[in-house]
Amino acid sequence: MNKRTSQRIAFGIFRILGISVVGILVGILGFIVYHGVGAVSWEFLTTAPSDGMTAGGIFPAIVGTLCLVAGSLTIAVPLGVMSAIYTTEYAGNGRVIRLIRIMTNNLSGIPSIIFGLFGMALFVNRLGFGDSILAGSCTLGLLVLPVVIRTTEEALKAIPDAFRTGSLALGATRLQTVGRILLPAAFPNIITGLILSVGRVAGETAPILFTVAAYFLPRLPESVFDQVMALPYHLYVIVTSGTDLEAARPVAYGTALVLIVLVLFMNLLASFFRKILDAKKG
Amino acid sequence: MKQFVFLTLIGVLCVTAVQAQKVKGSDTVLPLSQKEAERYMKTHPSATVTVTGGGSGVGISALIEGTTDIAQSSRKIKFDEKQKIRAGAQTVEEIIIAYDALAVVVHPRNPVQELTREQLEGIFTGKITNWKEVGGSDLKIIPYSRETSSGTYEFFKESVLKNRNYKNGILSMPATGAIVQSVSQTRGAIGYIGLAYLNREVKALRVSYDGGGTFTAPSVANAKNGTYPIVRPLYFYYITRSEKAVRPFIDYVLSPAGQQIVHETGFIAL
Amino acid sequence: MKPDLLRCKRKGFRLFAEALFTLSGTVTTVVILLIILFLFKEGAGLFRSNEVEKGYSLCVHASSPVERLSPAQIKQIFDYETEWIPFRLEDLFDRYSEEELGKDYALLPGKLGEEITKEPKLVAFVPTQYVPTGLPTVRVLPGSRIGWLRFFGGKEWMPTATPAPLFGVLPLLLGTLWVSLFAILIALPLGLGATVYLSELAGEKMRRLLKPAIELLAGIPSVVYGFFGLVVLVPFLQRTGGLPVGETALAGSLILAIMALPTIITVAEDAMRNTPKALREASLALGATRWQTIYRVVFPASVSGISAAIVLGIGRAVGETMAVLMVTGNAAVMPSSLLEPVRTIPATIAAELGEAPAGGAHYQALFMLGCILFLITLLISTAAEIISGKSFYNKKGI
């Protein structure tokens, strides 16, 4: 076979494969959007489920998911940012830091169900939080910790060394350099990491199964020791349980759509943020 | 500052503890308690009822551990569970809130109309594997079961399988709704579901408990007059000490309004 | 005095902050250690549990030749017709009323003793506290602990079987690997094809559009994939394939393949684009076509990155829970075909943990499954790190 022909064939195949991957994405998204758009309305977003969860809205689940997002970020962001400051600014380049990096890497590879298992054993049972926003937030917070650490590290590493040497030369301590120079400079990137974490937290089901999720709880939470409904878990229960799955389908599509929009919007926002930053840098 | 936050938290907890109650357990009872809670909260705006699933076993063990106020169960409390409550110097109250009949369902185009208990036992323990052995077409039988903790799983095992274990590697669905879904899509399928879950997409079989003498179809009427054999009570369990807190909700469930919801949900009112 | 105090305060604050940073630096390590500690602590209890359900004993007539019973034998006796007669507490309640058993079941052991004495072929399964003591006709079978071999080599997973639950992890372990293996086999050609297209063929504009789109694919929550699989993929496979069951390993593999694609593509694409320009140009200058350059130069140069992509893809597939729980049918059988249902480790944990009473053998067995899953993913992460040359972390910067 002519080498030009073989190239043409190979490239043709790759093109088809590349486009079919995107096709799958568009297919899945299109399917959910097509079926979900009809179900989503202002009322759907602002009322509680009714009629055995076949009608009404998903307001408590949205609020619950937002609670979990806020709670887990409160835990993950300070810890993650401080951890990143340590590894990039204080730890040097020794063996310890290699170990820490490997651990961070490994932590991000641990399946979410393991976090659920761990969260149940530690927070729910051992520390006695019970099924609560607190237990769920702690579990989810640990889950997104690597994301926060990585983006912060990247941000800190991208800052030119001239900033550091300049600040130190002016007589500032290392801590002052970190607090007044590096963190402000890295701030936008840290926000990017935060937004990415929001997307991750909002979409996870397995870690909240045994730590916080309620099947039905139309009242909004009043303390961190309350249980809440959450969007991904709500979607799971209305597609697998309930006496009339067919009747609940529109609600399921609507919930899936809201969930996807929330998560994808967060991811888009993050990449948009990053693009602006890149443009600034360039 | 920290102390203040802590105190407020405790304060909030105390306030909510008065009106809030958790109902946890059986997935079969879940749609019922969910609807009851929904209506109850509409008429009692100050009350909060949290409904969570997990299975009857989960509900009762949560009751023992004190993490739920009411355990909803589709089976009677087990002997050793009762012992555990007794070990904590507590007593448990049992309330029957409704009855449920288990329907054995197959794909709508399956020609088989009726089965005896012995045949059902054979199918679910794996001794009968083809529909032609029970008068159907030459098709592999695919039994669907519930997950192991569910009260439905245990009740079916007790009542139909006479306590023998299910066959190894039976398909198990996380919830009853998923069984309906799968049976309606699968030609050779057979599954067991609560009467409330029965719809037009699956066909309920007539069942005989006297070796083929009389076959009865699952319906509310047949369950009420006692001719349909696979009927079980649905329970609420609570610790006697917390009677005051949980009683208003339970009374609502037992009231005519509450029993109307039982009927609407497809269960059998008392 | 005052400036000194201020300086002191500042220094104290600095030291405090630095200590905090150092402490936070170790947080991921601590979390991993805690996970290991809790998983193994809860899981290891399994091997101290008895094979017979907790709090229960098996009793036989003293003259019975039975010395000890394995879980499989117990199951045989209680589930099938054998020469032995299984006896449960329920059978006793069938014969006697609550009153006859006395207050707090004080007379229960006596009645039980009578039953056992009457029937030498009886194997009774009763709560240990009601075992009749002091009767010469009754013998309690010695309980043995759940063994490592029974757990890791067992082929039956029936965690709630009575009297003796069967914790054979093999079908779950193989089920997990089986589904993941085929997921990768499906995702690989698709992913690598898309990678080549993205990094070598697509124009800059197209690339700028497609790359974020594919990264978005990674952001879709797994429960949405599961939902899609349940309402679209499962019925579709069943109808087009004429399968007896739609919830199969194949459905799981397909969904997992889609979910692993973004990981594979982003990592592999980075590796291919990082091939030094000089290499490509040298190849092209020697008269090679672009295709030849790609598969003779770019592929070999980025092989470590591509392998890392594959390994990471497997990692994603092995640990996936919700989507798999919803589409694979969850039957605990040894996998033999793609068109049969399977049950994976993550799905088992998700489905059963809620129902397993805390501290019981079932609960511990699920934590043991967690340990196994944890070790597998740890192995995979380490493999990815080793394969991708030095530290994968440094190169990718993720």
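Into which domains is chain C divided? In this predicted model, chain C consists of domain 1, covering residues 56–147, and domain 2, covering residues 170–396. Chain B is likewise divided, into domain 1 (2–99 + 233–264) and domain 2 (100–224). The points below take up the domains and then the contacts between chains.

**Domains of chain C and chain B**

- In chain C, the C-alpha centres of domain 1 and domain 2 lie 51 Å apart.
- In chain B, the C-alpha centres of domain 1 and domain 2 lie 30 Å apart, and the contact between these two domains takes 14 residues from domain 1 and 13 residues from domain 2.
- On the domain 1 side of that contact in chain B, helix 3 (56–65) and strand 4 (92–106) are the elements that give two or more residues, with helix 3 giving the most, 3 residues.
- This side of domain 1 of chain B is made up of 5 nonpolar, 7 polar and 2 charged residues.

**Contact between chain A and chain C**

- Chain A contributes 75 residues to the contact and chain C contributes 73 residues.
- Helix 1 of chain A (residues 3–36) provides the largest share of the side of chain A that touches chain C, namely 19 residues.
- The residues on this side of chain A divide into 50 nonpolar, 19 polar and 6 charged.

**Contact between chain C and chain B**

- Here 30 residues come from chain C and 27 residues from chain B.
- Helix 3 (71–79), helix 9 (222–241) and helix 15 (345–352) of chain C each supply at least two residues of the side that touches chain B.
- That side of chain C comprises 16 nonpolar, 7 polar and 7 charged residues.

Technical notes:
Residues are numbered from 1 along each chain as its sequence is written. Chains are lettered from A and ligands numbered from 1 in the order in which they are written. This is a predicted model: local features need pLDDT of at least 70, side-chain atom pairs count only at pLDDT 80 or more; totals for chains, interfaces and linings use all residues. Domain bounds come from an automatic or database domain assignment. Two residues are in contact if their C-beta atoms, placed from the backbone, lie within 7 Å. Helices (H or I, at least four residues) and strands (E, at least two) are DSSP runs, numbered from the N terminus. Ala, Val, Leu, Ile, Met, Phe, Trp, Tyr, Cys and Pro count as nonpolar, Asp, Glu, Lys and Arg as charged, and the others, Gly among them, as polar.
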